[in-house]
Amino acid sequence: LAMEVQQSLLPKENPRIPGLDIAGISVYCDETGGDYYDFISVEAEGHPVTGVAVGDVSGHGISSALLMATVRASLRQRASIPGSTAQVITDVNTLLAQDVEYSGDFMTLFFLLINTRQGSLEWVRAGHDPAVRYDPATDSFDELKGAGLALGVQAEWQYESQKLDDLSAGQIILLGTDGIWEAENSEGERIGKEPIYQVLREKAGANAPEILQAVFDVLKKYVQGAKSDDDITAVVVKIES
């Protein structure tokens, strides 16, 4: 029952947004988990901007699923009200910390806004792994970094946003949880990031669902049936012309 409830909170399908090709998926190692991803439309200067959120709650099981649902609700509600990206995440953290600050529970989050009209990216990184951007035109990778505590750790924390203005057609952005990079084979060896980067390079001409599938195919081949003890979530965004 908990699994059904949580799965209903994840996106039912990949969004169809002009100028963007997007695909996402969460695979839990238990019936319920703490990984989260979402697509949220945000108003910016009178125009809709695409928001992508990826998060990872500490631990697994029903308690993590409940915390994931709480953050989802808070983020969606706060993102519907005017305010900067940094203020949105700051307010979500303030509310969450009031409930979990003394429990030791927390959630990392990466919240990305994609403005195709301006060709820009804006993001807040709350203790989460940086998103990765690949540009086939220059065969270059860069990580969308930034400082910030995980949500729920400190109620007074003030988050800051980062921004890039060089978005162009063909670029690929991968947002994920650490279950991707930390996937282990039967020898206990982690896959790391380089094999994933190679997938983005080799599949740069494919669409977002195909790139996402290729990432999971590489993970499956690497672990060779070894049981995963972490959830895996990934979102691929490809910029279209």
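**Entry 1: helices**

The expected span of a helix is 1.5 Å times one less than its number of residues. I kept in mind that this is a predicted model, where local features need pLDDT of at least 70 and side-chain atom pairs count only at pLDDT 80 or more, while totals for chains, interfaces and linings use all residues. Residues are numbered from 1 along each chain as its sequence is written, and side-chain values use heavy atoms, with hydrogens and water left out.

I took helices (H or I, at least four residues) and strands (E, at least two) as DSSP runs, numbered from the N terminus. Helix 3 covers residues 85–100, which is 16 residues. From first C-alpha to last I found 23 Å, close to the 22 Å expected at 1.5 Å a residue. For helix 2 (residues 62–79), 18 residues should span 26 Å, and its end C-alpha atoms are 26 Å apart, which agrees.

Next I looked up burial: buried means under 20% relative accessible area, exposed over 50%, and partly exposed in between (1.4 Å probe, protein chains only). The buried residues of helix 3 include Val 88, Ile 89, Val 92 and Leu 96. What covers the buried residues of helix 3? Helix 2, strand 5 (107–115) and strand 6 (120–126) are among the elements that do.

**Entry 2: the cores**

A nonpolar core here is a set of buried Ala, Val, Leu, Ile, Met, Phe, Trp, Tyr and Cys residues joined through side-chain atoms within 4.5 Å. The largest one has 45 residues, and Leu 75, Leu 175 and Val 237 have the most contacts inside it. Strand 5 gives this core its largest share, 7 residues. I also found a second, separate core of 26 residues, which includes Ile 191, Leu 200, Val 215 and Val 236.

I then listed contacts of Leu 175 (contact means heavy atoms within 4.5 Å). Beyond its neighbours within four places in sequence, Leu 175 touches residues including Val 52, Phe 110, Leu 112 and Val 237.

**Entry 3: charges**

Side chains of opposite charge can pair when their charged atoms come close. A salt bridge is a side-chain nitrogen of Lys or Arg within 4 Å of a carboxyl oxygen of Asp or Glu, and the count comes to 8. Arg 78 and Asp 91 form one of them, at 2.7 Å from N to O. This pair links helix 2 to helix 3, with the two residues 13 apart in the chain. Arg 78 counts as buried because its relative accessibility is 12%, whereas Asp 91, at 24%, is partly exposed.

Arg 133 is buried at 6% relative accessibility.

Arg 190 is exposed, with 52% relative accessible area.

**Entry 4: a backbone angle**

Most residues other than glycine have a negative phi. Asp 139 has a positive one, about 50 degrees, although it is not a glycine. I located Asp 139 in the loop between strand 7 (131–135) and strand 8 (140–144). Asp 139 is partly exposed, at 41%.
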